[in-house]
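Here is a short report on a two-chain protein model. Keep the sequence and the 3D view open as you read.

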Amino acid sequence: MRETWVVGAASNRFGRMPESGREAAARVALEALDVAGLDPKEIGYTFVSNCFGIAERQAHLGPLINTALGIPDVPSCSIESACSSSSAGLHEAFVHVAGGFEDAALVVGVEKLSHLDTLNATSYFAMGADYAFETRNGATFPGLYATLAHAHRQKFGTREEELGAVAVKNHANAALNPHAHFQKPITLETYLRSPVIASPLRLYDCCPFSDGAAAVVVGAREKHPRPSAEPLVIRASARSGSIADMHDRTTLTGLPATRTAADKAFRQAGLERGQVDFAEVHDCFTIAELMALEDLGFYPAGGAGRATTEGETERDGRLPVNPSGGLKAKGHPVSATGASQVAEIFEQFNGRAAGRQVPKAEIALAHNVGATGGSCSVHIFGRR
Amino acid sequence: MAEPTQPLPSIEEHRRAYEDGTRLRGFRSACGFVTATWGLACPRCGRRDVEEVDLDPRGTIVAFSVQHVPSDEFLNDAPYAYVVVDLEGGGRVSGWIDGVGSDEEVAVGDAVVWTPTYKPGVHFRPAGAGASEAASATGGG
């Protein structure tokens, strides 16, 4: 296996895109290639993620992006793994490049849903769950995570203030991120006053419906020894899965796929949990960040809430978590999220994260979940 | 590996049965795991000798959330409770209870009964709330 790097990455401003997903994806892909100093013709394969492209009456986006980039003869394919789509795309790119099949590959994730109303957007999001056995029985996406939150509270006594601390922290980080959907900090009081969406989750426990696009360029070290920016060495690229239906799993207080993907990733990287300097984790809801920190092995089960209220996961804490603002406040354009986590880590490694720069960026982890954990990616990055 | 002991129903047959109120179908694996979720092999042990069983309509809530923002199929039903129910005799299913507006109206450990309505999904009611007909009609396990 060849040493493989992320040589370029880019994200647009999440929120409401005036342009189509197709346009945004092509623009952000070109930006990532420019950051890498690569000509599009050097790309051997393009992996595109756009779960809800049908909401724009468009599928088969890969050839459209490659054509727009002037490389119509480059192969492409769509990678769908719900909210973990573009991290799954990154994994495929890694496999292709590390395995020697291509010297460089492009990963693009994009989503545009802002033209839908809340009812339709909620219905689209619910498609990531099991339609026949969950959604048709009343589950919504917030509802499924809220059920996990209830179970977590029942077992560990998780307090509303602990969930609120995740929201307050991530909004504060997003306020320093020009790419974030939400640009304003919130207080715990604002959080506690917000309406309940799916008990116990309130409006400020939930990520927004965002438009957005992000791209990552992956290259083999031996072919791209002098990238334009400081590359991320891909120390681990791990994927895992678990029983699709939440009710059939052995636990309702965590996501088994996160645990198995994390174990695999740390084994691949040859690293311990304590060596990670910061992490971008999948916080589609505040409870998801707490469960992620526990399932990834950074905290014992039931221990992440207290660590969060004590500031351990703030930018200057023991383990900065979601300096980008996370899905919660940076936004969650489903298929762009995994690639955008990598774009944030790229910024941090290159010292370009300005006010949200973490004190130490030598080893970073990205964790991206599909739906309620039917699929999951964990990537670990280091320096050359 | 052993083949299924009998042909398994399609998802559509399965759905129609519980929405018509005729049967709440499930599957039991040779390892003992019972689920309502359709599959060709056991999601726990991977064995293919899965047999169809009638699930008991009575159960206990193990987790829930009151939904205030529904998806399109439940547009006129919010608020309601999405519930995960452990059925007597085995099997855990997702379902819902209509008319629940707050966390104070439902609790983990509450007894519920599968009570079909004209609305979609596996619908439950609190046990003893005039919902015992389904239990008796299907034998109650």
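A polar contact is a pair of N or O atoms within 3.5 Å; within protein, one must be able to donate a hydrogen and the other to accept it, and residues adjacent in sequence count only if both atoms are side-chain atoms.

## Ground rules

This is a predicted model, in which local features need pLDDT of at least 70 and side-chain atom pairs count only at pLDDT 80 or more, while totals for chains, interfaces and linings use all residues. Residues are numbered from 1 along each chain as its sequence is written, chains are lettered from A and ligands numbered from 1 in the order in which they are written, and side-chain values use heavy atoms, leaving out hydrogens and water.

## One arginine in chain A

Start with A:Arg239, which lies in strand β8 of chain A. Helices (H or I, at least four residues) and strands (E, at least two) are DSSP runs, numbered from the N terminus. The side chain of A:Arg239 makes a polar contact with the side chain of A:Ser81, at 2.8 Å.

A:Arg239 also touches other residues (contact means heavy atoms within 4.5 Å). Leaving out residues up to four places away in sequence, its contacts include A:His91, A:Lys264 and A:Cys376. A:Asn66 is 173 residues from A:Arg239 along the chain, and their C-alpha atoms are separated by 26 Å.

## The sheet of chain A

Strands of a sheet pair through backbone hydrogen bonds, either parallel or antiparallel. Two strands count as paired if DSSP finds at least two bridges between them. Chain A has an open sheet of nine strands with mixed pairing, in the order β3-β2-β4-β7-β1-β8-β11-β10-β9. Its edge strands are β3 (76-78) and β9 (278-280), each pairing on one side only. On average, neighbouring strands are turned by 25° against each other, direction ignored.

Strand β2 (residues 45-49) of chain A runs parallel to β3(A), and three bridges join them. A:Thr46 has A:Ser76 as its bridge partner in β3(A). Now find helix α8 (residues 256-269) of chain A. It lies across β8, β10 and β11 of chain A, running at about 145° to β8(A). Axes are lines fitted to C-alpha atoms, for helices over the stretch in contact, and angles run from 0 to 180 degrees between N-to-C directions.

## Strands of chain B

In chain B, β1 (residues 25-28) and β3 (residues 51-54) run antiparallel, joined by four bridges. B:Arg25 is partnered by B:Asp54 in β3(B). β1(B) also pairs with β2 (residues 34-35) of chain B, again in the antiparallel sense, over two bridges. This hairpin has five residues between the strands, and B:Gly32 takes a positive phi near 100°.

## Where the chains meet

How many residues of chain A are in contact with chain B? The count is 33, against 39 residues of chain B. The buried area is about 2900 Å², with 55% from carbon and sulfur atoms. That is the accessible area (1.4 Å probe) that two parts lose on being put together, summed over both. A:Phe133, A:Arg136 and A:Asn137 supply 24% of the area that chain A buries against chain B, more than any other three residues.

Three salt bridges are counted between chain A and chain B. A salt bridge is a side-chain nitrogen of Lys or Arg within 4 Å of a carboxyl oxygen of Asp or Glu. One salt bridge joins A:Arg153 to B:Asp103, with the closest N and O atoms 3.7 Å apart. α4 (118-126), α5 (141-156) and β5 (196-198) of chain A each supply at least two residues of the side that touches chain B. α5(A) gives the most, with seven residues.
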